[in-house]
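Please look over the sequence and the structure before reading on.

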Amino acid sequence: MRVAILADIHGNLPACEAVLEDIARVAPDYIVAAGDLALRGAHPRETVELLFDRCDSILMGNTDCYLAGHYLGGAYRERDHWKTELLQWTRDQLGEPWLKKLGALPFSQRYSPRKGQDLFVCHANPRNLEDSLDPTLDEATVRRYFQNLDAAACAFGHLHFPYRRRVGRLLIADVASAGIPRDGDLRPAYGVFTYTPKGWRVQIRRVRYPVRKATQALTARRVPGGPLLIHKLVEARYRHHKALMEAARRHSGLPPPGPVLRPPPGANIPHRPTPLELPVVAPPMMLKQASGDEERHHATPVDEEPTQISGVLDLDG
């Protein structure tokens, strides 16, 4: 059994299209959208329509609850905050029928390849839609979220950066974000869980997409808070990026970055420019993204190890 899971799409239609294209090449048995479908993007309705058309299961995220009117979190409760205006704009774009569908979404989904080997999929954690499973959390804290969960693996999003971790025999993995990555990599992320004779394995895949198309749409459609949304999309990381990356690498069994090895004095080594001597240019991938390059590329798989990890702020969407 193979299950593809994308989460935290946040109305970023170009990113969603690119992820779903790559999922089609992977050809999983099931596709799950694990919440936070529409809010914060320029194309909330089009993104939701696409997900409902392509996915086998769609789950509720915290921002889907906000849109449906179940409750509000964070700055969305403040009358004069720009997020309140963004919330109303997104509701107007979706319309009442789609808002009702978002409000009726389930909390979780299970897949059972065999007895006692369930894959449990949710938005943030098995208990609620708001608490983030930060990779820096200690073992005792993390175990409390899973102590009543009867499953062999758990997939979730909400944090907007991918990592995996073992909690006893349970494999857990953050597979997000397919719309607003915050782990230092502009490419959308999603996860593929595959059941093997040795149990569940998870692969994080990254997909290139035309970033400029997404940022220009936020301006062209006059999305409330557009400049800040563009900044967050392009910044693609949180302030305590380093601490979270180190924690994620540790959980995945990867060594921390080692010291820089230098040649012994007097060694005849050809001169190479140091970083300070090199011209400051963006990586080729970033240059193509920023130019709006529409060319599609195969995803980069990261089998059972995390990509670069970011921090945890602004999790209310």
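Strands E9 and E10 (residues 199–206) pair in the antiparallel sense over eight bridges. Helices (H or I, at least four residues) and strands (E, at least two) are DSSP runs, numbered from the N terminus, and two strands pair if DSSP finds at least two bridges between them. The model is predicted: local features need pLDDT of at least 70, side-chain atom pairs count only at pLDDT 80 or more, and totals for chains, interfaces and linings use all residues. Residues are numbered from 1 along each chain as its sequence is written, and side-chain values use heavy atoms, with hydrogens and water left out.

**Strand E9 and its partners**

A hairpin of two residues connects E9 to E10. Within this pairing, Ala-189 has Arg-206 of E10 as its bridge partner. E9 also pairs with strand E1 (residues 2–6), in the antiparallel sense and over four bridges. Here Arg-2 stands opposite Thr-194 in E9. Strand E9 covers residues 189–196 and is mostly covered itself, with seven of its eight residues buried. Buried means under 20% relative accessible area, exposed means over 50%, and partly exposed lies in between (1.4 Å probe, protein chains only).

**Salt bridges**

Side chains of opposite charge can pair when their charged atoms come close. A salt bridge is counted when a side-chain nitrogen of Lys or Arg is within 4 Å of a carboxyl oxygen of Asp or Glu. By this rule the model has eleven salt bridges. Three of them are listed here.

| Salt bridge | N to O distance |
|---|---|
| Arg-45 and Glu-49 | 3.1 Å |
| Arg-221 and Glu-46 | 3.5 Å |
| Asp-53 and Arg-54 | 3.7 Å |

Arg-221 is partly exposed, with a relative accessible area of 29%, and Glu-46 is partly exposed at 29%.

Arg-45 and Glu-49 are both in helix H2 (residues 44–54), and because they are four residues apart there, about one helical turn separates them. Arg-45 is partly exposed, with 33% relative accessibility; Glu-49 is partly exposed too, at 34%.

In the remaining pair of the table, Asp-53 is exposed, with a relative accessible area of 60%, whereas Arg-54 is partly exposed at 43%. Salt bridges can also join into a network, as they do for Asp-22, Arg-25 and Arg-205.

**Asp-118**

Asp-118 sits in the loop between strand E4 (109–111) and strand E5 (119–121). Is Asp-118 buried or exposed? Its relative accessible area is 15%, so Asp-118 counts as buried. The side chains of Asp-118 and Arg-110 are joined by a polar contact of 2.9 Å. A polar contact is a pair of N or O atoms within 3.5 Å; within protein, one must be able to donate a hydrogen and the other to accept it, and residues adjacent in sequence count only if both atoms are side-chain atoms. Leaving aside residues up to four places away in sequence, Asp-118 touches several others, including Tyr-111, Asp-150 and Trp-200. Contact means heavy atoms within 4.5 Å.

**Glu-246**

Glu-246 belongs to helix H9 (residues 241–251). Glu-246 is partly exposed, at 37% relative accessibility.
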